[in-house]
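User: Could you walk me through reading a few features of a model? I'd like the general idea, then the case at hand.

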Amino acid sequence: MKKLLLDIYYVWLHELKVVFRDPAVVLLFLIVPLAYPVLYAFLYNNEAVHEVKVIVVDESNSALSREFTRKVDGAADVNVVAHVADMEEAREAVRRKEAYGIIYIPASFSIDLNTAQQTAVLVYSDMSSMLFYKAMLLTCMEVSLEMGADIRVNDMGHGTRAQDASTMEAVDYEWVSFYNVSNGFASFLVPAILILVIQQTLLLGIGTIVGTHNDKKRFTVASHMSEGKNIHPLKLTIGKGFCYSTLYIITSAWVLRVVPYLFNLPQIGDPLTIAVFLFPYILAATFFAMTLSYFCSQREFVMLLVVFTSVPFLFMSGISWPWVSIPPVLKAIAYLLPSTPGIHGFVSINTMGATLSDVWFEYVVLWVQVVVYWALATMMYYWWIDNYDPKYKGKHPSMSKF
Amino acid sequence: MASEKGMWVVFIREWKRILSSKICIWGMIVAPLLTFGLLMYMMSAGLPTKIPIAVVDLDNSLTSRSLVRQLDAFAKTDIKFKSLSFKEARVEMERGKVYGVFTIPRNFAKDAISGNRPKIVFYTNNAFLISGSLLFQDMKTISVLASASVGLRMGEAKGYTQGQLMPILQPISIEAHPIGNPMLNYSVYLNNVLTPGIIFLILAMFTISSFGSEVKMGTGRKFLDLAGGSTVKAIFGKILPYTILFFVLSLFFMSVLYYYNNFPLNSGFFPICFAYLCLILSAQGFGLMLLAVFGNYRLSLSAASLLGMISFSITGFSFPSIAMSPVLYALSFLFPLRHFFLIYVDQALNGIAWQYSAYHYATLLGFFFLGLICMGRVRNFMYENVYEE
């Protein structure tokens, strides 16, 4: 038992030296996790789209239509940049990107309203972003409901104040957006990116280490803790895994605690719960990364191999395309990745304030992944030595020395 | 002699290098196809359907039940729980089982008819912004409808006819015309930009790797020699196979996007096809530039992967660049994908004349020419033939 722990400890120390002697690995393990989350938070930090530029074509040009325009302009999300005479002029302005939408008020607007007929306002939106569309449509809806309520009272005749209020809106409603009160983009996307950054940089860093071992044919460095001393692959995998994980426990304090704090992202989770949840995540991500790392036959190849995966991994986590709408096959594949339960759990705890029992399923899945990927990483180590180390050419390193 | 040296020799040699390398096959053929297939399959529904919600109906009257039925009839909403207390519903939301809660107060029907303005409250989980927004639309529509249907009954009681009432209930209606994407299809919205983004990322990296790997193997000088000592022939012979490969790949992607899936393509095939070609060239130029700037295989590769990944965000197809900090908005124009995105919006969605996009086409080609200007440095990098350390 003592030997087991000592061996793991020495592998751990030895691997730390390997990590810190390679500037490429230091870059991927420390600098990128430090800088990247800040960059992403900065990118999305404005959270919402305000003052979307629109052009108004007001063919009615009446007191009512001007009131409509004024109210739309007064709303936070829309900014009326110009009034033009006809649609063609407005379209040209949109083509020139002077505005992202057109509000068309027909000539009959005021007449219709004054003769108790329904009138329509047309909203054309550039679809380069769904957020432009949303801002314009919601603002116009809001204004039309508000003005509509006033007009309704005029039509139906005034009564007491309470009666008028009831005529304006027989049923009141209220929308409460949970967990992401500002409906912000950063608050929704950045927590998922933070979790993914941890897994992906681990993947890149460990892949670089293995690739470098291959380039330099330093299989003894990879398999020994000191000169001439063989370590059993099971212990080797644990020791190395612990080395990377401990580094990431420090990194993740920055990534998951300080960055959200700096950028005012939602952070209502209990730090202790997050830490407890994070522990298996980092271990699972480490062993997952180690498993894949043995495919990196050269130092630089890890970039070519895995960088693109960030995109499918993020989408498969179900943060943007809802998890319930993801086809079952993809859900199954997604659960092979530590990032999926990691993101689900972290978002639940950090953003939604869940307790550990609420994310118990994800927590257990992560522990299962820890064990499975640890075993796989050990097997992959055999495969790697078998294939790459000239010393072993086809015969497995002894397993009896455990 | 011409057959032993020159651009053609380099060109053929590069094809052999690509086809005999597992990493090239994986990274340039399997990876983009896999990602593309996966994302297209995932979003094949266009809009997420059947997002689960819980309804807390404390009234349980004829009116409230009909309201709940109408809500359930929406494609986007799926009522998963009907008889929970609010507390239970909240717990389900916390567990991620439902994404929204719709509550109808006690005595809803009675209060509505007697003019006491009962209040419907609905909650959405906006930690998942897209699900939250989609549910918000449905639940808001139902709340407004509830108001209208009560108004209808009250109006009828006052002696108005239905024909008279409709304009009174909703005097101003809003007609929305989302230009180019009338179904608000998310697959159109995302995959049209994610796909070229992946192409850009991968191609920029492989452009660097095609030069870097030569230096690493110490064949940099041999390679220059094969081209007959001409820098132009050497560089073009090397990058041309990648241009062809990725153009074929793009043609396949375009056929799936615009032909088989009928995604909007309002200016026809050629403007978008040319945009893809320009993007491919710009990615190669971008790669050459990074290689020239860093003069180091690994560093330029890291830079390409970092910048390639940021492209996805700074391009602004998810969160518009114009709403970002002004510094980032300015910087976004240094990313080729941003220009491709703007071409795509105008040519595929808006369907306007190509002249409006001319500046962006020119910028994409500009990235390629900037890369060519750096050719001399890349040649020196190959000639020095020194791998790091």
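Predicted model: local features only at pLDDT ≥ 70, side-chain atom pairs only at ≥ 80, totals over all residues.

User: How is chain B divided into domains?

Analyst: Domain bounds come from an automatic or database domain assignment. In chain B, domain 1 covers 7–44 + 185–384 and domain 2 covers 51–169. The C-alpha centres of these two domains of chain B lie 49 Å apart.

User: What is the order of the strands in the open sheet?

Analyst: Strands of a sheet pair through backbone hydrogen bonds, either parallel or antiparallel. Strands (E, at least two residues) and helices (H or I, at least four) are DSSP runs numbered from the N terminus, and two strands pair if DSSP finds at least two bridges between them. Here 5 strands follow the order E5(A)-E4(B)-E3(B)-E1(B)-E2(B), with mixed pairing. Strand E5 (172–178) of chain A and strand E2 (77–81) of chain B each have a single partner strand, so one side of each lacks a neighbour in the sheet. From one strand to the next, the twist averages 25°. Strands E1 and E3 of chain B run parallel, joined by 4 bridges, and B:Asp57 stands opposite B:Ile104 in E3(B).

User: At what angle do H3(B) and H6(B) pack?

Analyst: Two packed helices are described by the angle between their axes and the distance between the axes. Axes are lines fitted to C-alpha atoms, for helices over the stretch in contact, with angles from 0 to 180 degrees between N-to-C directions. H3(B) and H6(B) pack at about 145°, their axes 10 Å apart. Contact (C-beta atoms, placed from the backbone, within 7 Å) involves B:Leu67, B:Gln70 and B:Leu71 of H3(B) with B:Asp138, B:Ile142, B:Leu145 and B:Ala146 of H6(B).

User: Why does A:Met127 count as buried?

Analyst: A residue is buried if 20 or more other C-beta atoms lie within 10 Å of its own, exposed if 12 or fewer, and partly exposed in between. A:Met127 counts as buried because it has 23 C-beta neighbours inside 10 Å. This residue, A:Met127, is in the loop between strand E4 (119–126) and helix H6 (130–156) of chain A. Leaving aside neighbours within four places in sequence, its contacts include B:Pro178, B:Ile179 and B:Leu349.

Note on methods
Residues numbered from 1 in each chain as written. Chains lettered and ligands numbered in written order. Contact = placed C-beta atoms within 7 Å.
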